Amino acid sequence: MSNNVVSLRGASKPQKVTRTKVDTILLTPALIRSWQNPDFQRPLKMNAKVNALVEQIKVDDGVLPGILTLGILDGVTYRVDGQHRCDAFLRSGLAEGYADVRYHWFTSSGDMAQEFE
């Protein structure tokens with residue numbers, strides 16, 4: 001995690017058991033670009049839905065809808081779910097925004113792929 005994290009609550013027992021934590025973070029283009037795409041990630045598709053999302057993110061002052069899932073494996077942060085929303089934020093041209101993020105610590109890329117499915 002980075003210093004852009006706005007912690008909403010401490011790690012609870014369920015978070016420790018599931019190896020997950022949810023935070024609201026300050027997004028920047030540099031932060032989004034620092035996240036890796038895992039090998040199993042589908043290719044990005046630019047379509048009318050994504051174009052509409054770009055405009056909605058602008059209207060919402062950079063707030064991304066839903067919860068992004070980021071996987072942490074061997075110290076590397078992977079974008080498990082939310083690549084189209086992250087791309088829409090980058091296309092918005094905004095310097096900052098906010099997203100709810102679920103961090104999930106994995107012990108293998110296979111476990112991360114299962115979470116993706």
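Me: How many of the 10 residues of α4 are buried?
Reply: This is a predicted model: local features need pLDDT of at least 70, side-chain atom pairs count only at pLDDT 80 or more, and totals for chains, interfaces and linings use all residues. Residues are numbered from 1 along each chain as its sequence is written, and side-chain values use heavy atoms, leaving out hydrogens and water. Buried means under 20% relative accessible area, exposed over 50%, partly exposed in between (1.4 Å probe, protein chains only). Helix α4 is largely enclosed by the rest of the structure, because its buried residues number seven.

Me: What covers the buried residues of α4?
Reply: The buried set is Gln83, Arg85, Cys86, Asp87, Ala88, Phe89 and Ser92. Contact here means heavy atoms within 4.5 Å. The cover includes β2 (20–27), α2 (29–34), α3 (48–59), β3, β4 and β5.

Me: In what order do the elements of the chain run from the N terminus on?
Reply: Helices (H or I, at least four residues) and strands (E, at least two) are DSSP runs, numbered from the N terminus. The chain has five helices and five strands. Their order is β-α-β-α-α-β-β-α-β-α.

Me: Which residue forms a salt bridge with aspartate 87?
Reply: A salt bridge is a side-chain nitrogen of Lys or Arg within 4 Å of a carboxyl oxygen of Asp or Glu. With the closest N and O atoms 2.6 Å apart, the partner is arginine 91.

Me: Why can residues four places apart in a helix point the same way?
Reply: The reason lies in the helix repeat, because the residues a turn number 3.6.

Me: How many residues apart in sequence are the parts tied together by arginine 102 and glutamate 115?
Reply: These two form a salt bridge, with closest N and O atoms 2.9 Å apart. Arginine 102 lies in strand β5 and glutamate 115 in helix α5 (residues 109–116), so the pair ties together parts whose separation in residues is 13.

Me: How many salt bridges does the rule give?
Reply: Side chains of opposite charge can pair when their charged atoms come close. Among the pairs are arginine 85 with aspartate 81 and arginine 102 with glutamate 115. The count comes to four.

Me: What distance separates a side-chain polar atom of serine 92 from the backbone oxygen of phenylalanine 89?
Reply: Serine 92 sits in helix α4 and is buried at 9% relative accessible area. Not counting residues up to four places away in sequence, serine 92 touches Val54, Ile57 and Lys58. A polar contact is a pair of N or O atoms within 3.5 Å; within protein, one must be able to donate a hydrogen and the other to accept it, and residues adjacent in sequence count only if both atoms are side-chain atoms. For serine 92 and phenylalanine 89 the distance is 2.5 Å.

Me: Which residue with a positive phi follows α4?
Reply: Serine 92 belongs to α4. The residue after the helix has a phi near 80° and is glycine 93.

Me: Which residue in β4 is the bridge partner of glycine 71?
Reply: Two strands pair if DSSP finds at least two bridges between them. Strands β3 (residues 63–73) and β4 (residues 76–81) run antiparallel, joined by five bridges. In their hairpin, with two residues between the strands, aspartate 74 takes a positive phi near 55°. The partner of glycine 71 is tyrosine 78.

Me: How far is the C-alpha atom of alanine 99 from that of leucine 27?
Reply: Alanine 99 is in strand β5 (residues 97–105) and is buried, at 2% relative accessible area. Leaving out residues up to four places away in sequence, alanine 99 touches Asp23, Thr24, Ile25, Leu27, Leu64 and Leu68. Alanine 99 and leucine 27 are 72 residues apart along the chain, yet their C-alpha separation is 6.8 Å.

Me: What share of the contacts with a separation of 6 or more joins residues 24 or more positions apart?
Reply: Buried residues make up 40% of the 117 residues in the chain. For the contacts in question, the share is 72%.
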